[in-house]
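The sequence and structure come first.

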Amino acid sequence: MRLTLRIWRQTGPAEPGAMTSYEVRDISPDMSFLEMLDTLNEDLIGRGEEPVAFDHDCREGICGACGMVINGRAHGPQRATTACQLHMRNFEDGDTVDIEPWRAAAFPVVKDLVVDRSAFDRIIGSGGWITAPTGSAPEAHSTAVPKEAAETAFEHAECIGCGACVAACPNGSAMLFTSAKVVHLAALPQGAPERESRVLDMVAAMDAEGFGGCTNAGECATACPKGIPLPSIAAMNREWLRAAAKSRR
């Protein structure tokens, strides 16, 4: 395959950026999208040019580091797939492919396709944890969890914090990410001690980071590679209202 790549190049956070065109040849349809970028970078290095900076780690759809916007869609054209698991068979020979970083004020560009997503870390740090006694690990199944609660917790625990929900949202909202973390822990008995403080603190931290407000556009759930459902946001709103009412008593 031969492709024309239009890639966002930006040397640093304070520098201007622009789309730059490159041509890649002999791309196998069985390559992953990141392997295709590796091929481009090998060619650039061979010519003495600066390679394209992009985040990656596990390349197995687990860590969420590989986030980028491909042809206007977070993680690319295939649903429920991270960019690292997207294969070049989803493109046609001769295609022009636009590749950009996440576009959100709370995710400033570091370099090229790399953005600073530490805002997510600060949201998690504000309340995404449970009280746990020190000492040896508890026996398996020592805390009974109803099946429905366990399924809800597992569904929301699948969030990998990639930021696709923010990149896809027209408002740059982090509601789906935050709701996944809140609902995951609220569903479990282990999360009960901090249930009220957790949602209040995490929503406050999210707002402080400069993420936009949610208008239920739904693009976040559509872009999520792990299928976190849109009703999670409503569930978090109920948690917040419950906690806010109790805090005012």
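Helices here are DSSP runs of H or I with at least four residues, numbered from the N terminus. The model is a predicted one. In that numbering, Glu239 belongs to helix α8, which spans residues 231-247.

Glu239 is buried, since its relative accessible area is 9% and the cut-off for buried is under 20%. Leaving aside residues up to four places away in sequence, Glu239 is in contact with Val182, Ala186, Arg195 and Val199. With Arg195, Glu239 also forms a salt bridge, at 2.4 Å from N to O. Because Glu239 sits in helix α8 and Arg195 in helix α6, this pair ties together parts 44 residues apart in sequence. Arg195 itself is partly exposed, with a relative accessible area of 27%.

The salt bridges number 16. Three of them are listed below.

| Pair | N to O distance |
|---|---|
| Glu239 and Arg195 | 2.4 Å |
| Arg242 and Glu196 | 2.8 Å |
| Arg59 and Asp38 | 2.8 Å |

Arg242 is in helix α8 and Glu196 in helix α6, so parts 46 residues apart in sequence are tied together. Arg242 is partly exposed, at 35% relative accessibility.

Helix α2 (residues 118-127) has buried residues including Phe120 and Ile123. The buried residues of α2 pack against α4 (164-168), α5 (175-186) and α6 (195-208).

Methods. Residues numbered from 1 in each chain as written. Predicted model: local features only at pLDDT ≥ 70, side-chain atom pairs only at ≥ 80, totals over all residues. Heavy atoms only, no water. Buried < 20%, exposed > 50% of the residue type's maximum accessible area, 1.4 Å probe, protein only. Helix = DSSP H or I, 4+ residues; strand = E, 2+ residues; numbered from the N terminus. Contact = heavy atoms within 4.5 Å. Salt bridge = Lys/Arg side-chain N within 4 Å of Asp/Glu carboxyl O.
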